[in-house]
Amino acid sequence: MIRISLFILFLFSATPLIAQGNPIGVVASAHPLATQAGAEILINGGNAFDAAIAVSSTLSVVEPFGSGLGGGGFFLIYEAASDRYSMIDARERAPLNSTADMYLDNLGNPIPRLSIDGALASGIPGLPAGLAFLNGNYGMMSFEETLEFAFKTARDGFIVDERLEDRVHSQWERFNDEAKDIFSDSNDKPIAAGEILVQEDLARSISLISESHARDFYEGMLSITLLEATQAMGGIWTAEDLMEYEIIEREPLIESFFGHNIISVPPPSSGGIALFQMLSMLNQLDYFSLNRTDQIHVLIESMRRAYRDRALYLGDSDFIDVPMEMLLSERHINESLNDFDMNRASNSEPMMFDEADFQEGMDTTHFSIIDQFGNIVSATQSINYNFGSGMIASGTGIFLNNEMDDFSIKPGYPNLYGLVGSEANAIAPGKRMLSSMTPTIITSEEDVMAIGTPGGSRIITMVMLAILDWIENKSVEQSVSHLRIHHQYLPNLLQIEPDAINSDAIYDLMERGHEIEELENNFGNMYAAAKKYQENIYSGAADFRGVGSVLIVYD
């Protein structure tokens with residue numbers, strides 16, 4: 001049993017009120033129970049990778065709208081013993097029966113919401129395999145130990161908060177009967193805050209995954225149940241799809257900017273390339289010497305250009321030749337800025353078809369962990385939109401993702417988050433869909449920070465803004481809570497959080513030709529963990545936009 005005094009729980013400040021022994025780690029995640037799960041692993045002798053499994057699996061239970069065992073993600077890690085960074089790619093794959101035009105009608109036009117709602121929208125999940133890979137290659141504890149907290153939370157239940165209540169109510173009409181049965185109260189109404197949510201089927205699935213080291217998910221009784229359920233709901237998964245799924249361990253992108261080493265994710269995430277492109281442009285434009293309004297102008301222009309390249313060039317590098325060296329070259333950065341004008345907004349030339357409204361950008365989830373051994377995990381995982389496809393596979397308690405919408409279902413046609421794409425991200429059997437998830441680690445001689453966020457198309461720009469704050473020696477709390485702006489090439493629009501830019505700056509930017517929309521609500525839900533090496537001080541921050549928490553763990 002762990003004494004509660006061993007943990008200091010807080011939302012913004014990482015400064016412990018009372019020190020209990022020596023600090024041995026920090027966990028930051030989008031839900032207090034998930035943070036607690038990771039902290040218990042650290043105090044019981046596990047490392048950051050063990051804790052990551054506990055946090056990830058618990059988030060699948062308590063934050064089912066953001067991620068789950070029916071989804072996937074990216075684990076950016078640093079293993080201190082080998083002094084090595086790696087990216088564990090647990091991204092979903094397109095089913096082998098997929099076709100490039102599977103969401104189009106006879107006239108070649110996208111069928112509304114076919115890539116969003118229902119089992120046909122689901123890619124082959126990678127998260128269970130990712131957790132097993134992390135355990136088998138980097139963990140210190142047994143797989144069963146790391147999944148125990150998630151299993152008990154699903155079996156015994158947890159108290160529903162207002163955030164989960166709101167999500168269930170808002171998506172109720174998308175749910176299949178199985179999902180409605182689990183997320184309803186005794187009167188068959190959507191579950192409300194304060195009630196206990198028990199997920200017995202999900203607990204059984206976690207137990208099968210735990211006992212089989214995830215093999216049962218891909219080639220056992222659980223896989224048979226999943227296949228029967230998805231096929232009955234119109235999905236195209238096959239036994240071959242599940243048996244052939246493999247984790248890929250990839251080399252992360254590493255570059256130095258403004259005196260800091262930044263480590264981020266390669267394709268099939270667009271995050272690292274776009275992030276590095278934007279930072280390179282800011283460096284060329286001498287960002288930190290500018291006044292605030294000029295800084296915002298160059299931020300917009302760097303975002304615009306990076307997202308244009310995202311649309312044109314990026315996809316799964318196992319299927320297409322992604323020109324990473326060219327995109328990150330000094331020559332290309334300079335050419336991208338040839339038409340830059342400090343006094344005038346550039347044009348986002350329409351690529352092809354329609355423009356779409358942005359979605360809220362609170363889906364997906366992120367957590368960050370640093371342990372006493374020097375290991376680091378920055379992980380972002382998702383089932384895409386709220387509760388994924390809205391469908392639970394009968395008998396499993398597992399929501400099916402709708403990650404197929406992250407493909408370019410038709411060149412130039414926007415997805416759920418308004419992002420357009422090209423043939424580079426077209427659907428193909430076994431291909432991983434392009435992602436915006438951007439788990440990142442920033443290091444210097446003095447300190448390190450692991451950071452990331454949900455938020456759909458806005459993820460990359462949110463991470464970049466936090467990095468810029470960190471580089472300016474702002475605290476981890478300031479970096480995470482800073483008000484945000486976002487531009488993604490198309491729509492040709494700057495979106496800003498309430499009060500992110502003052503009225504004088506807005507007027508100045510509009511005079512330069514920028515179209516600006518101030519949102520009614522905030523976006524993103526960022527979580528960061530940090531450490532100062534010499535002082536052995538751990539810190540972290542939980543985004544005020546969410547309900548998550550940070551725990552500093554003491555021995």
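The lining of the largest cavity in this predicted model is made up of five nonpolar, eight polar and four charged residues. These belong to a lining of 17 residues, of which Asn384, Asp406, Ser435, Ser436 and Gly456 lie nearest the centre of the cavity. The volume of this largest cavity is about 130 Å³, and the count of cavities of 30 Å³ or more comes to five. Rolling a probe the size of a water molecule over the atoms shows where empty space is left.

| Helix pair | Axes come within | Crossing angle |
|---|---|---|
| H1 (residues 32-43) and H2 (residues 48-62) | 8 Å | roughly 155° |
| H1 and H4 (residues 143-156) | 10 Å | roughly 150° |

The axes of H1 and H2 cross at roughly 155°, and because angles over 145 degrees count as roughly antiparallel, H1 is roughly antiparallel to H2. The crossing of H1 and H2 is right-handed. On the side of H1, Leu33, Ala34, Ala37, Gly38, Ile41 and Leu42 take part in the contact, where they meet Ala48, Asp50, Ala51, Ala54, Val55, Thr58, Leu59 and Val62 of H2. Sorted by class, the residues of this contact between H1 and H2 are eleven nonpolar, two polar and one charged.

For the second pair, the axes of H1 and H4 cross at roughly 150°, which makes H1 roughly antiparallel to H4. The crossing of H1 and H4 is right-handed. Leu33, Gln36, Ala37, Glu40 and Ile41 of H1 make this contact together with Glu145, Thr146, Phe149 and Thr153 of H4, and the residues of the contact divide into four nonpolar, three polar and two charged.

Some details of the backbone in the loops also deserve a mention. The peptide bond that leads from Pro267 to Pro268 is cis, with omega near 20°, and Pro268 is found in the loop between strand E9 (260-264) and helix H11 (271-284). Leu490 and Pro491 are likewise joined by a cis peptide bond, for which omega is about -5°, and Pro491 has its place in the loop between strand E16 (485-486) and strand E17 (494-496). Asn473, a residue other than glycine, has a positive phi near 65°, and Asn473 lies in the loop that runs between helix H15 (459-471) and helix H16 (476-481).

Technical notes
Residues numbered from 1 in each chain as written. Predicted model: local features only at pLDDT ≥ 70, side-chain atom pairs only at ≥ 80, totals over all residues. Heavy atoms only, no water. 1 Å grid on protein atoms, 1.4 Å probe; cavity = no way out; pocket = protein on both sides within 12 Å on 5 of 7 lines; lining within 4 Å. Points joined across faces, edges and corners; volume = space filled by probe spheres on them. Nonpolar A, V, L, I, M, F, W, Y, C, P; charged D, E, K, R; others polar. Axes fitted to C-alpha atoms, helices over the stretch in contact; angles between N-to-C directions. Helix = DSSP H or I, 4+ residues; strand = E, 2+ residues; numbered from the N terminus. Parallel < 35°, antiparallel > 145°, perpendicular 65-115°, else oblique. Left-handed = near helix turned anticlockwise from the far one by under 90°. Contact = heavy atoms within 4.5 Å.
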